[in-house]
Amino acid sequence: MEHTDMVIQRKKLPVFLRLGKIVMALLGLTGVVIGIMVAATQSGSMVQAFLILMVSILSLGISLLRVQTVTCPHCEATSTIHTLTIDFECRRCLKPTAIKWKK
């Protein structure tokens, strides 16, 4: 299989998306604290605390996720990849492509 290189510039996030990620991170951190407090008190059940912790950790993880859309140089299909990825394989043409990130 042929292996090609691709140079991609990291795009900055729009202001509204940055604000949304900050709000999700704050909600996630607040939920973690509330979940631990519910688990520590006798009035709350462990199931409630577990559900609060699951949702808040999920929202915290989503807020920390950095993805970008790239176009395959072989078949022009678009793929969403993480910004720490150094290579990807196109889902449509199954050809590997190395990525060099440019700041």
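This is a short tour of the structure above, one selection at a time.

Before you click, note that the model is predicted: local features need pLDDT of at least 70, side-chain atom pairs count only at pLDDT 80 or more, and totals for chains, interfaces and linings use all residues. Residues are numbered from 1 along each chain as its sequence is written, and side-chain values use heavy atoms, with hydrogens and water left out.

**Stop 1: helix 1**

Select residues 15-40, which form helix 1.

Which residues of helix 1 are buried? Color Lys21, Ala25, Gly28, Gly31, Gly35 and Val38 to see them. Buried means under 20% relative accessible area, exposed means over 50%, and partly exposed is in between, with a 1.4 Å probe and protein chains only. Now show 46-64: this is helix 2, and it is included in what covers those buried residues.

Next, pick Val15, Phe16, Leu19, Ile22, Leu26 and Leu29, which make a nonpolar surface patch of about 670 Å². Patch members have over 30% relative accessible area and no salt bridge; like charges are joined within 9 Å, and nonpolar side chains (Val, Leu, Ile, Met, Phe, Trp, Tyr) within 5 Å. A salt bridge here is a side-chain nitrogen of Lys or Arg within 4 Å of a carboxyl oxygen of Asp or Glu. Areas come from the Shrake-Rupley method with a 1.4 Å probe, and for residues only the protein chains shown count as cover. Leu29 counts as partly exposed because its relative accessibility is 47%.

**Stop 2: between the helices**

Go to Ser45, in the loop between helix 1 and helix 2. Ser45 is at 34% relative accessibility, so it counts as partly exposed.

**Stop 3: the core**

Select Met6, Ile8, Val70, Cys72, Cys75, Ala77, Ile81, Phe88, Cys90, Ile99 and Trp101: these eleven residues are the largest nonpolar core. Strand 1 (4-9) and strand 5 (96-102) are the elements that give two or more residues to this core. Such a core is a set of buried Ala, Val, Leu, Ile, Met, Phe, Trp, Tyr and Cys residues joined through side-chain atoms within 4.5 Å.

Zoom in on Phe88. Leaving out residues up to four places away in sequence, Phe88 touches Met6, Val70, Cys72, Ser79, Ile81, Lys95, Pro96, Thr97 and Ile99; contact means heavy atoms within 4.5 Å. Hop over to Ser79, in strand 3, which is buried because its relative accessibility is 14%.

**Stop 4: the end of strand 5**

Lys102 sits in strand 5. How far is the C-alpha atom of Lys102 from that of Val7? They are separated by 6.7 Å, though the two residues are 95 apart along the chain.

**Stop 5: two positive phi values**

Most residues other than glycine have a negative phi. Now look at Glu76, whose phi is near 65°, in the loop between strand 2 (67-71) and strand 3 (78-82). Glu76 is exposed, at 56%. Finish at Leu94, with phi near 60°, in the loop between strand 4 (87-89) and strand 5.

Definitions and conventions:
Helix = DSSP H or I, 4+ residues; strand = E, 2+ residues; numbered from the N terminus.
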